[in-house]
Amino acid sequence: MPALSSTMTEGKIVSWIKTEGEKLAKGESVVVVESDKADMDVETFYDGYLAAIVVGEGETAPVGAAIGLLAETEAEIEEAKNKAASKPYSSAVVPSPPPATSSPAPAIAQPSPAAAASDGPRKTVATPHAKKLAKQHKVDIGSVAGTGPFGRITASDVEAAAGIAPTVTPPPPPPPAAGAPAPTAKATTTSSPPLLPDASIVPFTAMQSAVSKNMIESLSVPTFRVGYPVNTDALDALYEKVKPKGVTMTALLAKAAGMALAQHPVVNASCKDGKSFSYNSNINVAVAVAINGGLITPVLQDADKLDLYLLSQKWKELVGKARSKQLQPHEYNSGTFTLSNLGMFGVDRFDAILPPGQGAIMAVGASKPTVVADKDGFFSVKNKMLVNVTADHRIVYGADLAAFLQTFAKIVENPDSLTL
């Protein structure tokens, strides 16, 4: 299982392009894998035969685990199938790409030093508690059959092999006296509430797991938010003119943001280690897109430099790839600034969570008719939208963000420069 992105820890087999026994050529696509961001074809690095499929369609394996065995010759296919049936290849950690050897199962890695003493001739994966119990009860852990995920040996497996009763979780302590309320509070906080009737537990998909990880990581960044109203009358008029030519509102907003970022590079900067920050040489605007089962941010690279019409064409291509889960890593992980637009759903304002590794994210609300008064006290109705920017306060300060938003508003309110 290869690492198809920097955040991928496991992959799901979507489909096998080749079947067992089929001849393979180096560079040929063999299997489609769902990473945390997209579905990608995985190629073979060697000529040979797909001798055995270890991880079937719809199943998941950690990065580095064997998902199939490659035989060099047709005569070795049967031997590889026998080995696949007798050994827990799916739990073995392997390098990527696999080494080329004459063995029909080149994907197996050498046992780690920590497990070598008890592994014997094969790789044995056990929980730390299971290893401790095996040592206490003098059980050969190499002879225990694991019932956990990917054949992992659990504590109950060791206890069964030792012929002892399974460990039972002790019941909660009885309620203490009225003068000692602290233990009661502890017991209350540690107990999990029961599921509601007819409720069901749904595990995260790979994409949802990646989003969850990024959101938790973002909590460590000190952020602040600034809102700014923008008059969109001129932008709306321009959009009506260019819409028949294939230009989208997303492209207009991304172009305006890119041009404003060019004048305020600190908002396009990144702080990744908490000790320094870097000015990015490119302005790559990532745009949040909701897809079935998750969220992804395709990146419009060099948004400040691309022609508006080329930018719109590129955006349509990226959205098509995102919804078919065919984005390449550089098309979703190279953003330096993010744009999230819920205005199309009638949302007038919202705050966005800052993606890890970026300096700021802009949340765009809907453009709505608003009563405004000019300096002479005359009232009129103008279309206005509220944009809220969340920024990393370690590198972007309030004055920086206010100046950026003023520039963005001027570009939107006088949008002729967007078509140059």
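Colleague: Leaving aside its neighbours within four places in sequence, which residues is V14 in contact with?

Modeller: V14 touches V32, V33, E34, D39 and E57 once those neighbours are set aside. Keep in mind throughout that this is a predicted model.

Colleague: Where does V14 sit, and is V14 buried or exposed or in between?

Modeller: V14 belongs to strand 1, residues 10-16. Buried means under 20% relative accessible area and exposed means over 50%. V14 has 34% relative accessibility, so V14 counts as partly exposed.

Colleague: How far apart are V14 and V31 in sequence and in space?

Modeller: Their separation along the chain is 17 residues, while their C-alpha atoms are 7.7 Å apart.

Colleague: Where is the place of V54, and how is its accessibility read?

Modeller: V54 falls in the loop between strand 5 (48-53) and strand 6 (60-62). With 22% relative accessibility, V54 is classed as partly exposed.

Colleague: How many helices and strands are there in the protein chain?

Modeller: The protein chain has 10 helices and 16 strands. Of its 420 residues, 40% count as buried.

Colleague: Among contacts between residues at least 6 apart in sequence, what percentage join residues at least 24 apart?

Modeller: In the protein chain, 59% of those contacts link residues at least 24 apart.

Colleague: What describes two packed helices?

Modeller: Two quantities are used: the angle between the helix axes and the distance between those axes. Take helix 8 (residues 249-263) and helix 10 (residues 398-413), whose axes come within 9 Å and cross at roughly 135°.

Colleague: Which residues make the contact of helix 8 with helix 10?

Modeller: Helix 8 contributes L253, A256, A257, M259, A260, L261 and Q263, and helix 10 contributes F404, T407, F408, I411 and V412. By type, the residues of this contact are 10 nonpolar and 2 polar, with no charged ones.

Colleague: At what angle does helix 7 pack with helix 8?

Modeller: Helix 7 (residues 233-242) packs with helix 8 at about 130°, and the two axes are 10 Å apart. That angle makes helix 7 oblique to helix 8. The crossing of helix 7 and helix 8 is right-handed.

Colleague: Which residues of helix 7 and helix 8 make that contact, and how do they divide by type?

Modeller: From helix 7 come L235, D236, L238 and Y239, and from helix 8 come M249, L252 and L253. These residues divide into 6 nonpolar, no polar and 1 charged. L253 of helix 8 is also among the residues in contact with helix 10.

Colleague: How many aromatic pairs does a search of the whole structure find?

Modeller: The search finds 2 aromatic pairs. In one of them, the rings of F277 and Y279 have centres 5.4 Å apart and planes at 65°, so the pair is edge-to-face. The cut-off for that class is an angle over 60 degrees.

Colleague: Are F277 and Y279 buried or exposed or in between?

Modeller: F277 is partly exposed at 39% relative accessibility, and Y279 is exposed at 52%.

Colleague: What about T338: is it buried or exposed?

Modeller: T338 is buried, with a relative accessible area of 2%. T338 is part of strand 13, residues 337-341. Leaving aside its neighbours within four places in sequence, T338 is in contact with A286, T297, P355, Q358, A360, I361 and M362.

Colleague: One backbone item remains. What is phi of D302, and where does D302 lie?

Modeller: Phi of D302 is near 55°, which is a positive value in a residue other than glycine. D302 is in the loop between strand 12 (299-300) and helix 9 (308-323). At 25% relative accessibility, D302 counts as partly exposed.

Colleague: And what is phi of K325?

Modeller: K325, likewise a residue other than glycine, has a positive phi near 55°. K325 lies in the loop between helix 9 and strand 13.

Terms used:
Residues are numbered from 1 along each chain as its sequence is written. This is a predicted model: local features need pLDDT of at least 70, side-chain atom pairs count only at pLDDT 80 or more; totals for chains, interfaces and linings use all residues. Side-chain values use heavy atoms; hydrogens and water are left out. Rings of Phe, Tyr and Trp (its six-membered ring) pair if their centres lie within 6.5 Å; planes under 30 degrees apart count as stacked, over 60 as edge-to-face and the rest as tilted. Buried means under 20% relative accessible area, exposed over 50%, partly exposed in between (1.4 Å probe, protein chains only). Axes are lines fitted to C-alpha atoms, for helices over the stretch in contact, and angles run from 0 to 180 degrees between N-to-C directions. Helices (H or I, at least four residues) and strands (E, at least two) are DSSP runs, numbered from the N terminus. Contact means heavy atoms within 4.5 Å. Ala, Val, Leu, Ile, Met, Phe, Trp, Tyr, Cys and Pro count as nonpolar, Asp, Glu, Lys and Arg as charged, and the others, Gly among them, as polar. Angles under 35 degrees count as roughly parallel, over 145 as roughly antiparallel, 65 to 115 as roughly perpendicular and the rest as oblique. A crossing is left-handed if the near helix is turned anticlockwise from the far one by less than a right angle, and right-handed if clockwise.
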